Amino acid sequence: MTTPLPPGIQLEKVDDRIMTLNVGPQHPGSGHMRLIIKVDGDYIVSCDPDPGYVHRGEEKMAEYRNYIQNIPHLERPVIHDSSNILYPYCLAVEELLGIEVPERAKYIRVIAAELNRCIYTLYWLAIYGIFLGHSTMFMWPAGDRELFIDLLEAMSGARVTHAYLVPGGVRNDLPANFEERCLRQVDYFEKRLKEYQAIFYKNPILISRTEGTGILSRTDAIRLGTTGSVLRASGVNYDIRKKEPYDVYENMDFETVVMKEGDSYARSYIPYLEMFESCRIIRDAIRKMPKSGSVRTKLKPNPKGGNDEVYKRVESGRGELGYYIVSNNRPEPYRVKISVGSFRNLICMPYLLKGELLGNMPSVYWGLNYWPVEADR
Amino acid sequence: MLKEFFNQETAPHATNVLVGKLGEVLVRAVGKPLDYAINWGRIWSLWPVHLETACCSVEFGAASSPRYDVERFGIIEAFGSLRQCDLIVVMGTITRKMAPRLRMVYDQMPDPKYVIAMGACAITGGLYFDSYNVLPGIDGVLPVDIYVPGCPPRPETLIQGCMLLQEKIKRMKGA
Amino acid sequence: MSSENEKDEQPSDTVAAHSEDTESLSKDEAKKFYEEKGIDFSPDSPIHPKPIPPFEKSISDKIASKFNSKINVDYVRESRIRVSTKKEDILDVAFFIRDELGYDHAVSVSGVDYPDSKEIEVVYHLGSYTDEKLASQVLTLATRVPREEIPNPGKDSSRMTSLREVFYSVEFHERECFEMFGVYFEGHPDNRRLLLPEDWADIPPFRKDFKIKGR
C-alpha cells in the first residue's frame with residue numbers, strides 16, 4: 001500500500017525522541033528567515049538555515065541599470081546602514097571609471113559611514129535587547145538612534161535611505177553648523193553609552209544567558225570564514241579599516257576591538273565597544289577635515305567602464321562588505337556581485353547551535369549580527 | 001403541520017414578516033451601541049503580527065521607539081503570538097518564496113483581522129518592479145485595508161495609516 | 001579579464017561623440033555648454049598603466065613557477081591578484097594557495113556568464129586572516145566551466161570540483177552559485193536550493209539568457 005511520491009518530496013523517518021521545529025519565517029524575533037531545528041528534549045541536535053525569503057535579485061537588476069541608476073536599489077538591503085553598503089560600490093565604480101575624489105569628500109564619507117555604523121549598531125542592540133526580553137534596552141538605543149538619524153537627515157535630506165555617497169564624492173556639502181552639532185551629539189552619546197553598560201552589559205540575567213553560549217574558537221572562526229564582530233570576538237584582529245584602509249581611514253586615530261572569549265557575550269559586547277571607536281573617528285575626522293573645498297567630482301553623463309573588473313571592500317556594521325564588478329565597455333555593469341558579511345556568517349549558525357539549549361537560540365542567532373535582507377540580497 | 005411550519009417555502013408569509021420585523025427592532029435597539037462598544041475595544045488594542053518581511057521593518061521598529069511611540073495610539077508593540085493578533089502590517093517586499101507563508105500567517109489569525117500594506121514594495125513592487133522574484137503588490141495574496149506609501153514610509157506616515165485604519169474600523173459593523 | 005570574445009573597442013567618449021548626441025547644438029556650442037556645467041570629457045578609464053607592486057608580484061611568481069603553463073596570471077595590482085586555471089587543475093592550485101601561500105578562507109564565490117564563448121566563469125575570492133602580510137590581499141582564483149544552451153542544473157556538463165575540502169567556508173557560496181548559474185559542484189555534500197523558492201522551475205536566473213520582465 002505505498003503510493004509513489006511526487007519527485008522532490010521525501011518522507012522523513014519519525015523518531016520519538018527528536019522533534020523538528022520550524023523557527024520562522026514568522027517568529028517574534030527578526031522575521032524573514034527560517035531555521036529548521038531538530039531538538040532532543042531541550043537540546044538542539046541539528047539546525048538547517050533556510051534563507052531566501054527576501055531574495056530580490058539585486059545582482060540581476062544591477063545588470064540592467066547604469067552606474068548611477070544602481071545607487072538607490074543597492075542601498076536597500078540594509079537601509080539602516082545605507083552609507084556603508086554604498087561605500088564599496090562607490091569605491092569600485094571610481095576605480096573602474098578612473099575618478100578622483102576630492103579630499104573634503106573623503107572625510108565627509110568617513111563621517112557619514114561612522115554615523116551610519118552607530119545607527120546600525122543601535123538598532124541591532126535594540127533588537128538584541130528585546131530578543132532577550134529586556135524592554136528598556138529596546139527603548140534606550142531606539143531613542144538615541146533618532147539623534148544620529150537627525151544628523152544624517154540634515155546631511156542628506158532623507159531619514160534612512162540617504163543615497164548620500166555617490167561615485168565621485170558625496171551628494172552635497174555639509175549643512176551649516178554641522179560640525180558643532182555633530183560634536184555635541186558625540187559628546188552626549190559617549191556619556192549615554194556608559195549607562196548602557198550599567199543597565200545591560202553588567203546585568204546578571206544577560207550574563208547568565210550569553211556567557212559561555214555558542215562558543216566559536218579562533219581556529220573555527222578562521223576556517224568558517226566568518227567576518228566582522230563574530231571574527232573579532234574570537235580573537236582574530238582583523239578590520240578592513242586597519243588592514244586595507246580606504247579613503248582616509250589610515251589617518252584616523254582608532255583601535256580595533258578584539259576579544260578572546262568567542263561566546264555570545266563577546267559577540268554582543270564588541271559592536272558596543274566599537275561605537276566608542278566610531279565616536280573617536282568622527283571627532284578625529286571633523287578635526288582633520290579641510291574646512292572648505294569641492295565635495296564631488298562631476299561624472300560625465302552615462303559613464304562607461306572599461307573592459308575590466310574590480311573588487312573593493314569596506315568594513316560595515318556586519319563585517320566585510322565587498323563589491324565585485326565586471327564591466328565590458330557598456331554603461332551598465334556586466335556583473336555585480338555583492339559579498340556581504342551576513343551571508344558569510346550564516347555558515348556559523350548550524351555549527352554554533354548544535355548542542356546548544358533551545359533557549360539560547362535567540363542570543364546566538366542575533367549575536368551573529370545577521371541581517372536577513374542583506375544576506376538574501 | 002409542524003413540518004409545514006418549518007419549511008420556509010410553504011410557511012405562512014405572515015410569520016416570516018413578523019420574525020423579520022422583530023429582528024430589525026432588536027438590531028436597532030441594541031446593535032448600534034453594541035457595535036460602538038465592540039469597535040471601541042478593537043480600535044484601542046490593535047495588535048500587529050511581528051512579520052518583518054523586508055527593510056521597512058526598520059521603520060516599523062522606529063515607530064515603537066520612544067520618539068514616535070505608536071503605542072499611545074493603541075497599537076501594541078509587535079512581540080507576541082500571531083494567534084492573538086488582529087492586525088498584519090506587511091513591511092515591504094513580498095517575494096515568491098514568502099507569499100505562501102504570508103497567506104499562511106494570515107489564515108492562522110483569528111477574525112476580525114486587518115491588513116496594512118506598508119511601503120512601495122508591498123503596494124506595487126516599488127523599486128523592485130522588474131525583479132524576477134518579487135510580487136507586484138500583495139493585493140493578490142491578502143485583502144488590504146490601508147496602503148501606507150513611501151520607500152520606506154516615515155514612522156509618522158505609518159502612524160497616520162494606523163489612525164486611518166481606526167477610522168475605518170469605527171465605521172465597520174461590530175458583530 | 002581574459003576574454004577574447006568581448007570586443008576590444010576603444011572608449012569612444014570624446015568631445016565629438018558627445019556633441020553628436022546633442023543635435024541642436026553645434027560642436028563648439030555643445031563643448032561650451034558642457035564646460036559651463038563642469039563636465040569634462042576625458043576618457044573613461046585611465047590610460048596610463050599603474051606600476052606592478054613588488055610584493056604582489058612575488059606571490060604571483062610563486063604560483064606561476066609552480067604551475068608554469070597550467071595557470072594564467074591575468075593581472076597583478078595593488079592588493080589584488082587574479083589567477084585563472086583550467087577546471088581540472090583547480091583543486092591542486094587551491095591546495096597550493098592554502099598550504100604554501102597562507103590564504104585560509106574564501107570571501108565570496110561568484111559566477112560570471114559568458115554566452116558568447118559558451119562558458120561560465122566561477123570566481124573565488126580568497127583572503128587570509130592568519131598571515132599579517134596577506135591581510136590586505138585578495139587573491140582571485142577563476143576557472144571556466146562549459147555552458148549549455150538549454151541548462152539542466154546538476155545533470156549537464158557544467159560542473160566542476162568543489163573546493164569545500166580546501167576552503168570550508170565556500171559551502172553556502174557554492175550552493176548559491178549552483179542555483180544561480182547551474183554549475184554543479186562535485187564533492188559538495190549539500191547541493192540543495194538556498195535562496196530561490198522551492199517551486200522555481202525556470203532556468204537559473206543569473207544566466208544572461210534569463211531576461212527579467214520588461215527589459
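The legends below describe close-up views of a predicted model.

**View 1. The largest nonpolar core and the residues at its centre of contacts.** In this predicted model, the largest nonpolar core comprises 209 residues, and those with the most contacts inside it are Ala112(A), Val90(B), Ile116(B), Ala117(B), Met118(B) and Val183(C). The largest share of this core, 20 residues, is contributed by helix H4 of chain A, which covers residues 103-131.

**View 2. Helix H4 of chain A and the residue that follows it.** Of the 29 residues of H4(A), 28 are buried, so that the helix is mostly covered, with burial meaning that 20 or more other C-beta atoms lie within 10 Å of a residue's own. Just after H4(A), the backbone at Gly133(A) adopts a positive phi of about 75 degrees.

**View 3. The surroundings of Val183(C).** Val183(C), one of the residues with the most contacts inside the largest nonpolar core, touches Gly111(C), Ile120(C), Val122(C), Val145(C), Ser158(C), Arg159(C), Met160(C), Cys177(C) and Phe178(C), when residues up to four places away in sequence are not counted.

**View 4. The contact between chain C and chain A.** Chain C brings 39 residues to this contact and chain A brings 40 residues. On the side of chain C that touches chain A, strand S3 (105-114), strand S5 (138-146) and helix H5 (171-181) of chain C each supply at least two residues, and S3(C) gives the most, with 6 residues. Sorted by class, this side of chain C has 19 nonpolar, 11 polar and 9 charged residues.

**View 5. The open sheet of chain A, with strand order S6-S7-S8.** The 3 strands of this open sheet in chain A pair in the antiparallel sense. Strand S6 (307-316) and strand S8 (335-339) of chain A stand at the edges, each with a single partner strand, and therefore one side of each is left without a neighbour in the sheet. Neighbouring strands are turned against each other by 10 degrees on average, direction ignored.

**View 6. The pairing of S6(A) with S7(A), and the helix packed on the sheet.** S6(A) and strand S7 of chain A, which covers residues 319-328, are joined in antiparallel fashion over 10 bridges, and within this region Val314(A) stands opposite Leu321(A) in S7(A). Helix H3 of chain A (residues 82-97) packs on the sheet, where it touches S6 and S7 of chain A, and the direction of H3(A) makes about 150 degrees with that of S6(A).

How values were computed. Residues numbered from 1 in each chain as written. Chains lettered and ligands numbered in written order. Predicted model: local features only at pLDDT ≥ 70, side-chain atom pairs only at ≥ 80, totals over all residues. Core = buried A, V, L, I, M, F, W, Y, C linked by C-beta atoms within 7 Å. Buried ≥ 20, exposed ≤ 12 C-beta atoms within 10 Å, placed from the backbone. Helix = DSSP H or I, 4+ residues; strand = E, 2+ residues; numbered from the N terminus. Contact = placed C-beta atoms within 7 Å. Nonpolar A, V, L, I, M, F, W, Y, C, P; charged D, E, K, R; others polar. Pairing = 2+ DSSP bridges. Axes fitted to C-alpha atoms, helices over the stretch in contact; angles between N-to-C directions.
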